[in-house]
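Good morning, and thank you for the time.

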Amino acid sequence: MAGTYEIVALGAAGPIVRAAFEDFEIEDLADGRIRLVGEVVDDAALHGVLHRLQDLRLTIVELRRRDRD
């Protein structure tokens, strides 16, 4: 489903993470968490984002669609 998504994950926003999610805004949060915010065009793209997070061994803490607030 197309929209803006916010993902909070455990991990650090190092150069590898930033390169993997260059289309996303990335913010370091407290307690070793990061926030990624970006546009996702459809369900397949969302699954791709989730797979990238998994490949980087980042644990998802929260996932929400922001434009539904």
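Strands β2 and β3 pair in the antiparallel sense, with four bridges between them. Strands here are DSSP runs of E of at least two residues, helices are runs of H or I of at least four, and both are numbered from the N terminus; two strands pair if DSSP finds at least two bridges between them. Before I continue, please note that this is a predicted model, in which local features need pLDDT of at least 70 and side-chain atom pairs count only at pLDDT 80 or more, while totals for chains, interfaces and linings use all residues. Residues are numbered from 1 along each chain as its sequence is written, and side-chain values use heavy atoms, with hydrogens and water left out.

What is the order of the strands in the open sheet? It is β2-β3-β1-β4, four strands with antiparallel pairing. Because β2 (25-28) and β4 (59-65) each have a single partner strand, they stand at the edges, and one side of each is left without a neighbour in the sheet.

Strand β1 pairs with β3 over eight antiparallel bridges, and Ile-7 stands opposite Leu-36 in β3. Six bridges join β1 to β4, also antiparallel, and Val-8 has Glu-62 in β4 as its bridge partner. Helix α2 (residues 43-55) packs on the sheet and touches β1, β3 (33-40) and β4; contact means heavy atoms within 4.5 Å.

Let me now turn to Glu-6, which lies in β1 (residues 3-10). Is Glu-6 buried or exposed? Its relative accessibility is 6%, so Glu-6 counts as buried, the term for under 20% relative accessible area, with exposed over 50% and partly exposed in between (1.4 Å probe, protein chains only). Leaving aside neighbours within four places in sequence, the contacts of Glu-6 include Arg-35, Glu-62 and Arg-64.

Finally, the core. The largest nonpolar core has 15 residues, and Phe-21, Leu-36 and Leu-53 are among those with the most contacts inside it. Such a core is a set of buried Ala, Val, Leu, Ile, Met, Phe, Trp, Tyr and Cys residues joined through side-chain atoms within 4.5 Å.

Methods: Axes are lines fitted to C-alpha atoms, for helices over the stretch in contact, and angles run from 0 to 180 degrees between N-to-C directions.
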